[in-house]
Amino acid sequence: MTQRQLAALLEIDVALYNRFEKGERKMKREMVEKLASIYSLPSDELIKYWLAGQVYSILMEEELASEAISIVAEDITEYGYGSTKHRVEN
C-alpha cells in the first residue's frame, strides 16, 4: 500500500503520514487503532508498541529510567493499571 493510499484511509494528508513514518511526529492512540484496523491486526499489539514508544520518549535521557519503570511495573502488577500508590503530582 502506498503512503498516499494509507493517508487517504487514515483521512490525513500524505505529508503528515510521511512525518509519522520519519519519526518527526507521533501518532495519537486513535490513529494507531485505525492502522490496526486497516491492516487487520489486533489493536492491542500495536498499542503496546505505541505505549512503549511514549514511555521511551519521556524517559530516554533519564539515568533512573530503569528504576522508574520497575516501580511502575510493580504497581501495575500489584494494584492494577489505575494505581496511585507512587503517583506524584507535578
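Buried means under 20% relative accessible area, exposed means over 50%, and partly exposed lies in between, with a 1.4 Å probe and protein chains only. By that scale Glu45 is partly exposed, with a relative accessible area of 37%. The structure is a predicted model, in which local features need pLDDT of at least 70 and side-chain atom pairs count only at pLDDT 80 or more, while totals for chains, interfaces and linings use all residues. Residues are numbered from 1 along each chain as its sequence is written, and side-chain values use heavy atoms, with hydrogens and water left out.

**Overall make-up**

- The protein has five helices and zero strands, where helices (H or I, at least four residues) and strands (E, at least two) are DSSP runs numbered from the N terminus.
- Along the sequence, the pattern reads α-α-α-α-α.
- Of the 90 residues of the protein, 20% count as buried.
- The accessible surface comes to about 7400 Å², and 54% of that surface belongs to carbon and sulfur atoms; accessible areas come from the Shrake-Rupley method with a 1.4 Å probe, and for residues only the protein chains shown count as cover.
- Among contacts between residues at least 6 apart in sequence, 23% join residues at least 24 apart, a contact being heavy atoms within 4.5 Å.

**Salt bridges**

- The protein has three salt bridges, each defined as a side-chain nitrogen of Lys or Arg within 4 Å of a carboxyl oxygen of Asp or Glu.
- Lys34 and Glu11 form a salt bridge through their side chains (3.6 Å, N to O).
- This pair links distant parts of the chain, 23 residues apart, with Lys34 in helix α3 (residues 29–38) and Glu11 in the loop between α1 and α2.
- Lys34 is partly exposed at 32% relative accessibility, whereas Glu11 is exposed at 66%.
- Glu33 and Arg29 are also joined by a salt bridge (3.3 Å, N to O); the two are separated by about one helical turn because they lie four residues apart in helix α3.
- Both partners are partly exposed: Glu33 has a relative accessible area of 33%, and Arg29 has 35%.
- Glu45 meets Lys48 in a salt bridge (3.3 Å, N to O); these residues are three apart in helix α4 (residues 43–59), so about one helical turn separates them.

**Surface patches**

- Patches are made of residues with over 30% relative accessible area and no salt bridge, with like charges joined within 9 Å and nonpolar side chains (Val, Leu, Ile, Met, Phe, Trp, Tyr) within 5 Å.
- A nonpolar surface patch consists of Met1, Leu9, Tyr39 and Leu41, which together have about 410 Å² of accessible area.
- Arg19, Lys22, Arg25 and Lys28 form a positive surface patch; Lys and Arg count as positive and Asp and Glu as negative, while His and the chain ends are not counted.
- Arg19 sits in helix α2 (residues 14–22) and is partly exposed, with a relative accessible area of 34%.

**Backbone angles**

- Most residues other than glycine have a negative phi.
- Glu11, although not a glycine, has a positive phi of about 60°.
- Ser40 has a positive phi near 55° and is likewise not a glycine.
- Ser40 lies in the loop between α3 and α4 and is exposed, with a relative accessible area of 66%.

How values were computed: Charge placed at Lys NZ, Arg CZ, Asp CG, Glu CD.
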